[in-house]
Amino acid sequence: MKRLVLCRPVVEADRVVSVSKLKTHVLMGLTCAIKNNYGAVPGMQKFTYHSRYQDEAEFADLLVDVALAVGADFHVVDAIDGMEGNGSILGRPRHMGILAAGRDPFALDCLLGGMLGVRNDLNLPLASAIGRGLFHGDAGRLEVAGDDPAALKVRGLLMPTKRSAIDWLPHRS
């Protein structure tokens, strides 16, 4: 996007801290730090963007554009109790025991995906960032402080198994 509509308080803030819940998502696969920035888009504008970018890859690119435009200084992802399955609406709570934070939303999404056994290509916004050369995509190259990510691995995360209602909506020609 060359031009985005964002909420004035976010644009005018001296600092932005993004705090999100980790969830699976029928359209984007996994939502963590990158997608959370979409909250900076005003309510009705979200609907406009959703209808304009119905292709999943295009919408993932939009989410990366929003994350870059917001430019949050710090990101916190709460995966102590997250969501798995057909989220975000029909997902199920899942205890994961993870709280992660960092300055780079792409690195944070990659790290969390690795801890959950989710490939980078199953987190569409992360895959978009990697494809655009914004992030290398290798969780092994990340410098991590705190607990060893290998000790916090979550096994058997249920990813979405069905598509969202957007598939039944008329598509633009």
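The model is predicted: local features need pLDDT of at least 70, side-chain atom pairs count only at pLDDT 80 or more, and totals for chains, interfaces and linings use all residues. Residues are numbered from 1 along each chain as its sequence is written, and side-chain values use heavy atoms, without hydrogens or water.

**Stop 1**

Select A101, L108, L111, V144 and A145. Of the 20 residues lining the second largest pocket, these are the closest to its centre. Now show strand 5 (90-102) and helix 5 (105-116); each supplies at least two lining residues. Strand 5 gives the most, with 6 residues. (Helices, H or I of at least four residues, and strands, E of at least two, are DSSP runs numbered from the N terminus.)

**Stop 2: salt bridges**

The structure holds 8 salt bridges (a side-chain nitrogen of Lys or Arg within 4 Å of a carboxyl oxygen of Asp or Glu).

Select D73 and R15. Their side chains meet in a salt bridge, 3.9 Å from N to O. D73 lies in the loop between helix 4 (56-70) and strand 4 (74-86), and R15 in the loop between helix 1 (8-12) and strand 1 (17-21), so the pair ties together parts 58 residues apart in sequence.

Next, select R94 and E84. Their closest N and O atoms are 2.8 Å apart in a salt bridge. R94 is in strand 5 and E84 in strand 4, 10 residues apart. E84 counts as buried, at 6% relative accessibility (buried is under 20% relative accessible area, exposed over 50%, partly exposed in between, with a 1.4 Å probe and protein chains only).

Key
1 Å grid on protein atoms, 1.4 Å probe; cavity = no way out; pocket = protein on both sides within 12 Å on 5 of 7 lines; lining within 4 Å.
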